[in-house]
Amino acid sequence: NNHLVVESSSHSYIGIGGGTSSDVGIHFGDSGGINPGRIAYKNSDNSMRFNTNATEALALDSSQNATFASNFHTLERAAVGTTPHATIKLDVLSTATDWTARIKNYTNSGYGLAVDCSGAASSTTYALAAYSAAGGGLFVRNDNNVGIGTTSPGANLEISGVGGDGSPLLKLTGSASATFNWISSSLHSNLTSGESNIHLFGQHASTKNSGYIGYTHSGTSGD
């Protein structure tokens, strides 16, 4: 039941004013408490605050930047009933057949997406974890190791998969047309005379069960 109705054939507002350092707003509650819900405007810093269950959930500052006090979940109507992850700070659940979320940078510099985990104490913190339906995916760890199909890469780049006859684990496809068309390169700028740069093949990293293609530096620029 409506106990207060403000109605007009034109624009209608309710004005609440206060001092330059005071908060103004509306409280919502019941017999157990008058203000578990709250919408407030802080005149001191020109920010808007929203409370639920007696806790500030969202703050919009004077530059329209949003700060969420805890986890932020968005559920489109078709995905209602899907349970958000309890410990994920930003969780977007969707049944979209196109993009669920997109970040696009229209400038000529900067980042489309920047993930900074440099403050993490553990070298195995994930800066990026993109899971696939098959349980693998792409994983970037804080120790600069990248894994495709593995969550624990043991090298700067480790690809883990099945592969097979006619189905390579790694495929490089080029489209250049020149006298020399480089499809890949393996360069080691710190080689000194007698040291080698090799590609190892075999069942495991053992000289008894492996082969390699290598280049040995003789110490001259023409070797």
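Author: Two strands pair if DSSP finds at least two bridges between them, and a strand (E) is a DSSP run of at least two residues, numbered from the N terminus. The model here is predicted: local features need pLDDT of at least 70, side-chain atom pairs count only at pLDDT 80 or more, and totals for chains, interfaces and linings use all residues.

Reader: Happy with that. How do you know that strand E8 and E9 pair?

Author: Strand E8 (residues 126–131) and E9 are joined by five bridges in the antiparallel sense. At least two are required, so E8 and E9 count as paired. Tyr 131, for one, has Gly 137 in E9 as its bridge partner. Five residues lie between the strands of this hairpin, and Gly 135 there has a positive phi near 95 degrees.

Reader: What makes the phi of Asn 46 worth a remark?

Author: Its phi is near 55 degrees, a positive value in a residue other than glycine. Asn 46 sits in the loop between E2 and E3. Asn 144 also is not a glycine and has a positive phi, about 75 degrees; its place is the loop between strand E9 (137–141) and strand E10 (146–148).

Reader: Why is Asn 144 called exposed?

Author: Relative accessible area decides (buried under 20%, exposed over 50%, partly exposed in between, with a 1.4 Å probe and protein chains only). Asn 144 has 62%, so it is exposed. Asn 46, at 41%, is therefore partly exposed.

Reader: And what makes Ser 47 buried?

Author: Its relative accessibility is 2%, so Ser 47 falls in the buried class. It lies in strand E3 (residues 47–52), and Lys 42 stands opposite it. Ser 47 also touches (heavy atoms within 4.5 Å) Ala 40, Tyr 41, Leu 60 and Asp 61 among others, leaving out residues up to four places away in sequence.

Reader: Why is the contact of Arg 38 and Asp 23 called a salt bridge?

Author: A salt bridge needs a side-chain nitrogen of Lys or Arg within 4 Å of a carboxyl oxygen of Asp or Glu. Arg 38 and Asp 23 meet at 3.4 Å, N to O, so the pair qualifies. Arg 38 is in strand E2 and Asp 23 in strand E1, so parts 15 residues apart in sequence are tied together. The structure holds five salt bridges.

Reader: What makes Asp 23, Arg 38 and Lys 42 a network?

Author: Shared partners do: salt bridges join these three. Asp 23 meets Lys 42 as well, at 3.5 Å, N to O. With Asp 23 in strand E1 and Lys 42 in strand E2, this pair ties parts 19 residues apart in sequence.

Reader: Which residue forms a salt bridge with Asp 45?

Author: Arg 49, with the closest N and O atoms 3.3 Å apart. At 17% Arg 49 is buried, whereas Asp 45, at 33%, is partly exposed.

Definitions and conventions
Residues numbered from 1 in each chain as written. Heavy atoms only, no water. Helix = DSSP H or I, 4+ residues; strand = E, 2+ residues; numbered from the N terminus.
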